[in-house]
Amino acid sequence: MTEFDYDLFVIGAGSGGVRAARIAAGYGAKVAVAEEYRVGGTCVIRGCVPKKLFVYASRFPDEFEEAAGFGWSVDGTAFDWNTLVANKDREIARLEGIYRRNLEAANVEIIDTRAELRGPNTVHLANLGRDVTARYILIATGGHPNYDRTLPGIEHVFSSNEAFHLEALPKRIVIAGGGYIAVEFAGIFNGLGVETTLLYRGEEILRGFDDDLRAGLHAEMVKRGIDVVCGDVFTTIEKTADGLVGHTASGRSLAADQIMFAIGRTPNVEGLGLAEAGVEQGWNGHVVVDAYGKTSVDSIYAVGDVTDRVQLTPVAIREGHAFAETVFNANPVSIDHESIPTAVFSTPEIGTVGLTEAEARERCRALDIYKTSFRPMKLTLTDRDEKMLIKLIVDADSGIVVGCHLMGPDSGELIQVLGILVKMGATKAQFDATVAVHPSAAEELVTMRTPTSRWAAEDAAE
């Protein structure tokens, strides 16, 4: 008889927790996963997967418009919100079923309940009213949308969680925020014909991204009719007979049928019992871990958004796998959180990997910047004036491409391949030695010969 009920108990069946559970079980561990909502986590159930489906839906009006330039007549188009929501729900249910079957096939026990820590090796199953023990516990509870709870009228707004289940498509919407989720949903609602306003407290949207991408996307969103308001915040939200009115610090009154908040996410740690178990937490409650995901308690680990490192699903998956390798296969693996490729499925979409120009100036002595902006070929037979942007940042001393930033069609697909090159430390000379694929937008990556600008630390210091 073993000392514990399980070798591993995972709290949270999102992408990171599921991967860790399956890999650990594959190494012979007895594993259980507790999930209080639905298996699959934020990404699958109410995050990147349903959002991408909505993005596809929002881009069909562009396709209809562009078709005319190529000789097609597209008449009588109509959109039905409830059909989209129902079809999305059916797909998410299918994916959740796959996640469950994969866990079951790996002999992982799924327990549909909220789980809370009761000590270094004890987990309380809230819905079942009993405790279980485990040699190791993995916290993979993810995060949840932020709200400004002090804001008068905050009860009238919704978050990305509810966006996928709105009973009707609003005619007017205001979205508070300027990050991934905010700009993506601004593009979704705008593409579906909703009068859309984006309200962001910062000077420019997409803080942390390269400045050329930030300014470029802002300009393209405005072209599409989105009212992008920066440097302002809500002070009150008022419910009226006609909907909602958001009053801002600068004196604006923004009327809308719905107001959405996308102002960031907070780790899911409330009521988890971390303090009682002796687990160290960071500034916003996140679980503090070392390079291998271990917390301040030797038997408790954490992966994914609850650690507040890099809040991306593929990162959580890699962290979950690394944890299982480290603990259950005696193969210590730590995740390198540098040069992670990522996409923002705004319209137009963004792909980025490596250093921004501002970051590169802090790490390199000299830079060569290669940048081009052009109209995608598909739009040349239309009246649309949308620009694609490609930017390479090169360490002038070594010739290594340290940053690559794209905006335009298929940027999310392109950045996956470019991420490999940047991670490998590819040089600009190696880019140049690659034969171009013509005609394509991507050929600009290997045909830009002359830097559009140069920067040197000594010149900046003068």
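At roughly what angle do the axes of helix 3 and helix 4 cross? Before answering I noted that this is a predicted model, in which local features need pLDDT of at least 70 and side-chain atom pairs count only at pLDDT 80 or more, while totals for chains, interfaces and linings use all residues. I also noted that residues are numbered from 1 along each chain as its sequence is written, and that side-chain values use heavy atoms, with hydrogens and water left out.

**Entry: two helices**

I found that the axes of helix 3 (residues 48-69) and helix 4 (residues 81-105) cross at roughly 145° and come within 10 Å. Axes here are lines fitted to C-alpha atoms, for helices over the stretch in contact, and the angles run from 0 to 180 degrees between N-to-C directions. Helices (H or I, at least four residues) and strands (E, at least two) are DSSP runs, numbered from the N terminus. I then listed the residues in contact (heavy atoms within 4.5 Å): from helix 3 they are Val49, Pro50, Leu53, Phe54 and Ala57, and from helix 4 they are Trp81, Leu84, Val85, Lys88, Glu91, Ile92 and Leu95. Sorted by type, the residues of this contact are 10 nonpolar, no polar and two charged, where Ala, Val, Leu, Ile, Met, Phe, Trp, Tyr, Cys and Pro count as nonpolar, Asp, Glu, Lys and Arg as charged, and the others, Gly among them, as polar.

**Entry: positions from the UniProt record**

I looked up lysine 52 next, as UniProt places the feature "binding site" at Lys52 in an unreviewed entry. UniProt positions are given in the numbering used here, feature names are shortened, and annotations may be inferred rather than shown by experiment. Lysine 52 lies in helix 3 and, at 18% relative accessibility, counts as buried. Buried means under 20% relative accessible area, exposed over 50%, and partly exposed in between (1.4 Å probe, protein chains only).

For "active site", UniProt lists His438, again in an unreviewed entry. Is histidine 438 buried or exposed? I found histidine 438 to be exposed, with a relative accessible area of 64%, in the loop between helix 12 and helix 13. Its side chain is joined to that of glutamate 443 by a polar contact of 2.8 Å; such a contact is a pair of N or O atoms within 3.5 Å, where within protein one must be able to donate a hydrogen and the other to accept it, and residues adjacent in sequence count only if both atoms are side-chain atoms.

**Entry: cis peptide bonds**

Histidine 438 came up again here, as a cis peptide bond with omega of about -5° joins histidine 438 and proline 439. I noted another cis peptide bond between threonine 347 and proline 348, with omega of about 0°, and proline 348 is found in the loop between strand 17 (342-344) and strand 18 (350-354).

**Entry: positive phi**

Leucine 206, a residue other than glycine, has a positive phi near 60°; leucine 206 is found in the loop between strand 9 (195-200) and helix 7 (211-223) and is buried, with a relative accessible area of 1%. Aspartate 308 is not a glycine either, yet has a positive phi of about 55°, and aspartate 308 is partly exposed, with a relative accessible area of 22%.
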